[in-house]
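Visitor: I have a model to go through with you. Can we take it topic by topic?

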Amino acid sequence: MPRTPLNLTTLAARAGEEARPSGSVPLAEPIYQSTVYAFPDLEALERAMSGEEPNPFYYRNGTPNAGTLERALAALEGTGAALVAASGMAAISAALLGVLEAGDHVVADARVYGVSYALLAEELPRLGIHTTFVDACDPEAVEAAFRPETRVLHVESLTNPLMTVPDVPRLAELAHGRGAVLSVDNTFASPAVFRPAEHGADLVTHSVSKYLSGHSNAFGGVVCGREDLVAAARTRLTRLGGTMSAFDAWMTLQGLKTLGLRMRAHSGNAQAVADVLANHPRVRAVYHPGLSDHPQFHRAMELFPHGFGGMLSAEIEDAPAFVRALAGRIPLAPSLADVVTTLSWPWGTSHRALPEAERRRLGITPGLLRLSIGIEDIGDLLGELEEALEG
């Protein structure tokens, strides 16, 4: 009889591993650090080089550890294939370049991550590829931005840092109706709380150094999606040399095993922090999809029924003093999604590449702080934040 499908927590712990032979074998996957592999004859080499047999042959083309991670991430995102890369930006670049060529056009959310914005606004035009930036939460504006040569619509499932929530199913309809590909950066959510492919996305990308690995000790990116699109991205990535290291792939897989458990803790803690900050007189604004005054609250509740992850942002009176008051307890760090809570300053880090006028237009001000809420005891965490606010 057919086996019952596994839930995400079980799948995260097991996905990607091959069926193990009988006898004594390692329970944890070894690290395959070899940069090249030997073959017994020309025929075996040709089968590997042609892709007829999935045997490794050269590090830049992929490693066994990368292959294990790719199978795991494809399973978690529910896509036909996945490709891991040296960084999140390498993944996004490969995904886009697998689709685009000179003369093509992109429609993108103006609120995308700052380096993604720079890629679209400064780097791709050098290749003859141009982008129109819009408010992705306004489907009419998105539709109006399409041109006959538009090939990609690129958005984030939860935007950095203001946590807006585009209508991914509606955007998928718009893109597909114009013959374009919908690309969704799912880094802020992770497949534990949102799976864009289930809502029509063709390409899904992540910075795996965030929630997928979860411990600030592995670096890389991933492209998940349709097999043909991932194959095209793989060709570009291999030629450009953006290979993920075997060690980073191995480390990411270790963190991935607890993704479901961690995301429940991140989501619950972030909701509690958002509720407290929203009612504090020193906090001017809180950006979190779980607050009833969030502009996409009802959409967020529909698309993210199991929580929103650990991210939120807040406008705090005298933000520098607040950061100083937390020194030694909550780190100020230009990244996110660790198991410990961290603070970030989007004005000077993630969105530094945007012109100042554009940052202000989007609502990214010098007083905005982004909080990546960890999995600590919520009582301890709230106590530290409230003490800093009172200080």
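Visitor: Which residues are linked in a network of salt bridges?

Guide: Asp202, Arg226 and Asp228 are linked that way. A salt bridge here is a side-chain nitrogen of Lys or Arg within 4 Å of a carboxyl oxygen of Asp or Glu. One caution first: this is a predicted model, where local features need pLDDT of at least 70, side-chain atom pairs count only at pLDDT 80 or more, and totals for chains, interfaces and linings use all residues. Residues are numbered from 1 along each chain as its sequence is written, and side-chain values use heavy atoms, with hydrogens and water left out.

Visitor: What is the N to O distance between Asp228 and Arg226?

Guide: It is 2.8 Å, N to O, between the side chains of Asp228 and Arg226.

Visitor: How accessible are Asp228 and Arg226?

Guide: Asp228 is partly exposed, at 45% relative accessible area. Arg226 is partly exposed too, at 37%. The cut-offs: buried is under 20% relative accessible area, exposed is over 50%, and partly exposed is in between, with a 1.4 Å probe and protein chains only.

Visitor: How many salt bridges does the whole structure have?

Guide: The search finds 13. Among them is Arg329 with Glu387, at 3.5 Å, N to O. That pair links distant parts of the chain, 58 residues apart. Arg329 sits in the loop between α12 (319-325) and β10 (342-344), and Glu387 in helix α14 (residues 378-390). Helices (H or I, at least four residues) and strands (E, at least two) are DSSP runs, numbered from the N terminus.

Visitor: And Glu358, which residue does it bridge to?

Guide: Arg361, with the closest N and O atoms 2.8 Å apart. Both lie in helix α13 (residues 356-362), 3 residues apart, or about one turn of the helix.

Visitor: Why do residues three or four places apart in an α-helix point the same way?

Guide: An α-helix has 3.6 residues a turn, so residues at that spacing point the same way.

Visitor: Is Glu358 buried or exposed?

Guide: Glu358 is buried, with a relative accessible area of 14%.

Visitor: Switching to cavities. How many are there of 30 Å³ or more?

Guide: The count comes to 2. On a 1 Å grid over the protein atoms alone, a cavity is a set of points where a 1.4 Å probe fits but cannot get out; lining residues have an atom within 4 Å of a point. Grid points are joined across faces, edges and corners, and a volume is the space filled by probe spheres set on the points.

Visitor: Which elements give two or more residues to the lining of the largest cavity?

Guide: α3, β1 (81-85) and α8 (227-240). α8 gives the most, with 3 residues. Glu70 is one of the lining residues, and so are Leu83, Val84 and Arg234.

Visitor: Where is Glu70?

Guide: In helix α3 (residues 64-77). Glu70 counts as buried, at 12% relative accessibility. Beyond neighbours within four places in sequence, Glu70 is in contact (heavy atoms within 4.5 Å) with Ala82, Leu83, Val84 and Arg234.

Visitor: Now the backbone. Which peptide bond is cis?

Guide: The one from Asn160 to Pro161, with omega near 5°. Pro161 is in the loop between β4 (150-156) and α7 (168-177).

Visitor: And what is phi at Ser190?

Guide: Near 75°, a positive value in a residue other than glycine. Ser190 counts as buried, at 0% relative accessibility. Ala337 also has a positive phi, about 75°, and is not a glycine. Ala337 is buried as well, at 1%.

Technical notes
On a 1 Å grid over the protein atoms alone, a cavity is a set of points where a 1.4 Å probe fits but cannot get out, and a pocket is an open set with protein on both sides within 12 Å along at least five of seven lines; lining residues have an atom within 4 Å of a point.
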